[in-house]
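Let's take a walk through this one together. Keep the sequence and the 3D view side by side as we go.

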Amino acid sequence: MNLNLHVWRQASSDSPGKMERYEARDVSPDMSFLEMLDVVNEELTNKGEMPIAFDHDCREGICGSCGMMINGVAHGPQRGTATCQLHMRHFTDGEVVWIEPWRAAAFPVIKDLCVNRGALDRIIQSGGYVSVATGNAQDANSIPVRKQDADNAMDAAACIGCGACVAACPNGSASLFTAAKISHLGQLPQGQPERDRRAMRMVAQMDEEGFGHCTLYGECQEACPKEISIDTIARMNHDFAFATLRKREERKLAGTG
Ligand code: SF4
Ligand code: FES
């Protein structure tokens, strides 16, 4: 099949960008979206032109590097699918496809379709970990975890940090990402000692990075390639509210608040 592509080209973060037209010829329906872009890039390189820059690594839907707006939809038309796992069989011969980088104030464009998602790393650095002296690995059965908690934590842990939730949200909110990380650790026994601190620090960092607030549009869970539920946002709000109340009580008791 052949496709008419309109691709965002931008040489660097401080230069202006614009949509450029390309033809993708002889595309196999079995190719992934990134493989289709590889073919276009090979043609551009052979002509001596600059290839289209885009992020990718595993190409297996697990690293979270890839991601672009495809016809205005984060990761394209296939639900629960990262761009690298999207196949060309979901497009039709002659289709016009618009390809843009994530659009969010907290994700500045580096080049073409690559954006800087360092803000998500800084949210993790602010509390997305368990800082205990681990020693040797414990026997798996020595810390019992309720089945429902294990399942919920596992679902939240599926987040690959791609940033599609931010790009899809009309507010540019990183709530789904942050909530997934807070819910993942907050539901496991190992995550309890730092649960309050984690929620407060990660939410504060999210605000500091310039992400918008969540007003429950729900676009994030629709765009998420791992189908993380917005229920995690309710858990984040719960943890944040209780942590704030406990802190206030502590200050009152200590006579400092
Ligand atoms: S919550 Fe989903 S969309 Fe957001 S960063 Fe994680 S995997 Fe990507
Ligand atoms: S390249 Fe790793 S998730 Fe797409």
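Where is Asn71 found? Asn71 sits in the loop between strand 3 and strand 4 (73-74), with helices (H or I, at least four residues) and strands (E, at least two) being DSSP runs numbered from the N terminus. A quick word on ground rules: this is a predicted model, where local features need pLDDT of at least 70, side-chain atom pairs count only at pLDDT 80 or more, and totals for chains, interfaces and linings use all residues. Residues are numbered from 1 along each chain as its sequence is written, chains are lettered from A and ligands numbered from 1 in the order in which they are written, and side-chain values use heavy atoms, leaving out hydrogens and water.

Asn71 has a positive phi of about 50° although it is not a glycine. Most residues other than glycine have a negative phi. Asn71 is partly exposed, at a relative accessible area of 32%; buried means under 20%, exposed over 50%, and partly exposed in between (1.4 Å probe, protein chains only). Asp112 is another non-glycine with a positive phi, of about 45°, and its place is in the loop between strand 6 (109-111) and strand 7 (114-115). Asp112 counts as buried, at 2% relative accessibility.

Now zoom out. The chain has eight helices and seven strands, and its C-alpha atoms fill a box of roughly 70 × 40 × 35 Å along the principal axes. Of the 257 residues, 43% are buried.

Strand 1 (residues 3-9) pairs with strand 5 in the parallel sense over four bridges, where pairing takes at least two DSSP bridges between two strands. Here Leu5 has Val97 as its bridge partner. Strand 3 (residues 69-70) pairs with strand 5 too, but in the antiparallel sense over two bridges, and Ile70 is partnered with Ile99.

Finally, look at helix 3 (residues 147-157), where Asn152, Ala153 and Ala156 are buried. They cover an arc of only 95° around the axis, so they lie on the same side of helix 3; the arc is that of the directions from the helix axis to the C-beta atoms. On the other side, Lys147, Met154 and Asp155 are exposed. The buried residues of helix 3 pack against helix 5 (175-186) and helix 8 (231-254), contact meaning heavy atoms within 4.5 Å.
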